[in-house]
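Please have the sequence and the 3D view open as you go.

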Amino acid sequence: MDSARMDTARTDTARASAVRMGPAQIAEQLGPRLGDGVLVVDPDVISAHSKDEALFCPHDGAVALVRAKTPEDVQETLRFAHAHRVPVVPQGARTGISGGANASEGAILLNVSAMNAVLEVNTAERTVRVQPGIINQDLKDHLVPFGLSYPPDPGSVAISSIGGNIATNAGGLCCVKYGVTRDYVRSIDVVLADGTRTTFGPQTAKGVAGLDMRGLFIGSEGTLGVVVEATLRLIPLMPEPVTAIGIFPDERSGLQTVADFMAAGGQPSLFEFLDGTSIRMLTAYGDFGLDEEAGSMLLVQFDQTPAEASAMLEQFQAVAEAAGALDVAVSDDPADSAALIAARRMIQPAYEKFAHAHGGGQLLDDVCIPRAAMPEFCERLTQLRQRSDLTIALVAHAGDGNTHPSVFFDANDPAETEKAQSVFGEIMGIGLELGGTITGEHGVGHLKASWLAKELDEGSRWAQRAVKDALDPHGILNPGKMLSHI
């Protein structure tokens with residue numbers, strides 16, 4: 001990066017803070033422009049809304065909280081912030097783990113979680129129009145009586161909002177077959193940095209008029225604008241799947257099965273990996289009927305026709321046994337499938353229980369790599385464990401190569417904390433070396449902002465900076481986050 005571009009990158013926060021306004025000024029000037037009770041300047045309430053779930057990310061300095069109830073609240077907030085160059089941090093449910101929703105110095109927190117309505121279900125077009133604050137699972141439940149599904153299914157499905165899912169282009173358990181958030185966003189209504197409300201994307205199934213601005217905003221983490229409405233593509237209710245589990249003596253044989261099965265044309269609707277450490281943590285958390293002696297486990301589902309699913313199961317069993325599987329078990333009982341998926345979704349609470357008992361520190365990574373590279377990635381993690389003497393557990397949306405290593409450490413020990421942060425960075429480095437990316441679905445936020453420039457080439461950094469500067473010339477939107485180091 002040349003010096004001029006580096007100077008531009010470093011001034012992101014400085015531009016947004018050109019005019020520092022205190023709570024009293026904001027209350028006096030912005031408050032009357034918003035609905036009743038929308039603006040909050042109580043420091044305790046602001047503090048409670050100032051961070052997501054990430055560790056090691058700054059979250060101090062916000063001076064006001066806007067709990068938007070309408071798109072007009074969002075527009076008025078951004079018009080005011082743009083005019084006075086006050087930084088704005090867009091927020092939803094604050095369930096992220098990269099610090100993307102964290103407060104910054106002098107900022108207004110713009111929270112849209114109260115905007116959580118389903119506005120319209122269009123069965124003819126198989127679309128649903130929603131506000132950004134609706135929780136993913138609540139939307140899924142709402143659609144069942146219509147015989148429709150919204151497939152994106154992040155692990156945080158019960159607590160994360162659609163707006164947040166759009167902000168990070170969330171994936172999840174079933175994306176190996178059904179795709180990620182981007183694949184289901186037909187159009188979005190966005191409020192830009194200066195308060196302009198606009199629509200990106202057509203209302204039709206096809207549309208190529210102009211640049212794909214919709215795609216540009218999906219995954220932009222609140223750095224380009226604030227989504228206030230989305231029209232999402234739906235599919236018919238997904239059929240009940242057939243489920244199989246494979247038990248392996250070690251991590252590599254499980255991940256080799258993933259690489260070999262997908263290379264042979266496997267078409268699972270879900271393909272999840274848990275290492276032995278994760279299985280033991282789950283067993284300590286609750287009775288899920290898992291084999292705590294296993295080196296790793298694969299959870300795979302198929303939702304094709306019975307004949308097609310049966311053929312896929314036979315192929316999976318053959319590949320797994322060739323890779324060294326100790327056992328492969330199959331069930332077409334929906335209750336069994338639901339129980340296994342419920343156990344998989346409990347991995348983060350199980351991790352939190354373990355972390356609490358071992359010093360409280362956990363760093364959850366999100367490295368996506370080519371499927372064929374997963375066995376080598378596993379071996380590199382083993383070397384890291386041995387060299388660092390830290391507990392590192394691994395789960396993965398294996399069918400997509402989206403791995404989630406967790407590094408556990410004693411947060412009260414400065415030396416161990418520093419070592420854990422270094423290992424976290426090494427994991428991202430390994431992912432890049434193997435042809436992967438630093439984040440598959442959790443986003444960059446603040447936690448990985450310094451790593452983004454290491455992944456992007458010079459042309460990409462220039463183009464992304466140019467887009468940011470054009471759409472947010474004063475740098476008010478989420479300063480210090482995703483694009484701040486490129």
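**A strand pair**

V88 has I108 as its bridge partner in β4. This is a predicted model, in which local features need pLDDT of at least 70, side-chain atom pairs count only at pLDDT 80 or more, and totals for chains, interfaces and linings use all residues. Residues are numbered from 1 along each chain as its sequence is written, and side-chain values use heavy atoms, leaving out hydrogens and water.

**Strands β3 and β4**
- β3 pairs with strand β4 (residues 108-111) in the parallel sense, over four bridges; pairing requires at least two DSSP bridges between two strands.
- Strands here are DSSP runs (E, at least two residues) and helices likewise (H or I, at least four), numbered from the N terminus.
- In strand β3 (residues 88-91), V88 and P90 point one way while V89 and Q91 point the other way, and all are buried (under 20% relative accessible area, 1.4 Å probe, protein chains only).

**The annotated domain**
- UniProt, in an unreviewed entry, lists residues 58-237 as "domain: FAD-binding PCMH-type"; such annotations may be inferred rather than shown by experiment.
- Residues 58-237 are 21% helix and 26% strand, with the end C-alpha atoms 42 Å apart.

**The cavity**
- There is one cavity of 30 Å³ or more, a cavity being a set of points on a 1 Å grid over the protein atoms alone where a 1.4 Å probe fits but cannot get out.
- The largest cavity has a volume of about 40 Å³, taken as the space filled by probe spheres set on the points, which are joined across faces, edges and corners.
- Its lining residues (an atom within 4 Å of a point) include L274, M297 and R344.
- α13 gives the largest share of this lining, three residues.

Methods: On a 1 Å grid over the protein atoms alone, a cavity is a set of points where a 1.4 Å probe fits but cannot get out, and a pocket is an open set with protein on both sides within 12 Å along at least five of seven lines; lining residues have an atom within 4 Å of a point. Buried means under 20% relative accessible area, exposed over 50%, partly exposed in between (1.4 Å probe, protein chains only).
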